[in-house]
Amino acid sequence: MMMGSEKMNNSMEIEDENIEKTKISLMRILVEKQDPSSKEVEDGALRRFLRARDLDVEKASNMFLKYLNWKRNFVPNGSISPSEIRHEIQQNKMFLQGWDKKGRPIALLLAARHFQHEGGVDEFKRTYFTFQTSTNSQNVLVDDDFEFSLTGFIVYLFDKVITRMPPGQEKFIVIGDLKGWGYANSDIRAFLAALSLVQDYYPERLEKLFVVHAPYIFMTAWKVVYPFIDPKTRKKMIFVDNKSLKSTLLEEIDESQLPATLGGKLELVPIHNS
């Protein structure tokens with residue numbers, strides 16, 4: 001009986017893979033017709049956008065074309081230089097820490113070290129970003145042309161994390177440590193920027209976001225941003241109780257790969273030094 005069930009599951013998996021491959025081919029035809037530069041894109045990238053839109057070829061194609069246009073305008077040189085985001089790097093708030101048990105790289109954010117932009121005009125202009133997202137019930141446009149340096153920093157972070165992925169791995173883990181977080185660290189626009197990047201331009205990259213040491217006052221800000229979070233992304237966010245902090249993280253991450261600040265053995269490595 002078990003063998004029959006396994007064969008059926010294998011057959012269904014093969015069928016799903018074939019359907020996905022067919023849709024990737026259709027998606028490639030659509031995007032290459034509208035943007036010839038997409039010929040250089042691997043199937044894996046198209047697959048991520050396709051999965052983010054529940055295998056809807058038209059929606060995934062539109063999403064991907066929007067990404068290509070954004071990438072050309074926001075990162076014309078192909079990558080973000082540390083010199084362009086000095087303000088964010090100087091806050092020393094983001095770290096790259098080892099890999100989880102499945103080989104996914106881990107990023108650690110010390111949120112209490114983040115403060116709203118105080119950098120110069122040039123850095124501000126460099127990180128122009130228009131945020132637009134939608135909830136289930138309505139479209140929401142947030143500040144047609146608001147600017148802030150964190151966007152470039154997040155792109156820099158994502159690109160760094162992606163280069164650390166072993167062959168066959170496409171996702172990463174983030175631990176957001178809110179210990180010491182207060183109203184001075186509350187930056188709704190920055191959170192929306194990170195959210196938009198994850199959902200619109202780096203789909204199917206985030207495996208899980210562990211939120212640890214969240215203070216009670218954080219929930220006020222959380223209520224503001226929660227409606228903007230896609231249901232798929234919400235499922236990836238895990239608020240960890242202080243009492244079960246280490247045991248929860250150890251389910252996914254070996255102690256040798258866990259930051260020392262969270263009970264592990266790895267010393268913190270700033271992102272710009274990784």
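Modeller: Happy to. One term to begin with: a cavity is a set of grid points where a 1.4 Å probe fits but cannot get out, and its lining residues have an atom within 4 Å of a point. Please keep in mind that this is a predicted model.

Colleague: Good to know. How many cavities of 30 Å³ or more does the structure hold?

Modeller: There is 1 cavity of 30 Å³ or more. The volume of the largest cavity is about 760 Å³.

Colleague: And which residues lie nearest the centre of the largest cavity?

Modeller: Those are Leu-109, Ala-190, Phe-191, Ala-194 and Leu-209, out of 34 lining residues.

Colleague: Which element supplies the largest share of that lining?

Modeller: Helix H7 does, with 6 residues. The elements that each supply at least two residues are H6, strand E5 (172-177), helix H7 (188-201), E6, H8 and strand E7 (237-240).

Colleague: What's the lining of the largest cavity like by class?

Modeller: It has 27 nonpolar residues, along with 5 polar and 2 charged ones.

Colleague: Which of them gives the largest share?

Modeller: H2, with 4 residues. By class, the lining of this pocket has 8 nonpolar, 2 polar and 7 charged residues.

Colleague: Let's stay with H2. Why is it described as largely enclosed by the rest of the structure?

Modeller: Because 7 of the 10 residues of H2 are buried. The buried residues are Gly-44, Ala-45, Leu-46, Arg-48, Phe-49, Leu-50 and Ala-52.

Colleague: And what follows H2?

Modeller: Asp-54 comes after H2, and this residue sits in the loop between H2 and H3. Its phi is near 55°, a positive value in a residue other than glycine.

Colleague: Is Asp-54 buried or exposed?

Modeller: Asp-54 counts as exposed, because its relative accessibility is 60% and the cut-off for exposed is over 50%.

Colleague: Where else is there a positive phi in a residue other than glycine?

Modeller: His-213 has one, also near 55°. You'll find His-213 in the loop between strand E6 (206-212) and helix H8 (218-225).

Colleague: Now for H3. How does it pack with H6?

Modeller: Helix H3 (residues 57-74) and helix H6 (residues 150-163) pack at an angle of about 110°, and their axes are 13 Å apart. That angle is why H3 is described as roughly perpendicular to H6.

Colleague: Which residues make the contact?

Modeller: From H3 they are Trp-70, Lys-71 and Phe-74, and from H6 they are Thr-151, Gly-152, Val-155 and Asp-159. By class, this contact has 3 nonpolar, 2 polar and 2 charged residues.

Colleague: What does Ser-61 touch?

Modeller: Leaving aside residues up to four places away in sequence, Ser-61 touches Met-27, Leu-30 and Val-31. As for Arg-28, it lies 33 residues from Ser-61 in sequence, while their C-alpha atoms are 8.1 Å apart in space.

Key: Residues numbered from 1 in each chain as written. Predicted model: local features only at pLDDT ≥ 70, side-chain atom pairs only at ≥ 80, totals over all residues. Heavy atoms only, no water. Axes fitted to C-alpha atoms, helices over the stretch in contact; angles between N-to-C directions. Parallel < 35°, antiparallel > 145°, perpendicular 65-115°, else oblique. Contact = heavy atoms within 4.5 Å. Nonpolar A, V, L, I, M, F, W, Y, C, P; charged D, E, K, R; others polar. Buried < 20%, exposed > 50% of the residue type's maximum accessible area, 1.4 Å probe, protein only. 1 Å grid on protein atoms, 1.4 Å probe; cavity = no way out; pocket = protein on both sides within 12 Å on 5 of 7 lines; lining within 4 Å. Points joined across faces, edges and corners; volume = space filled by probe spheres on them.
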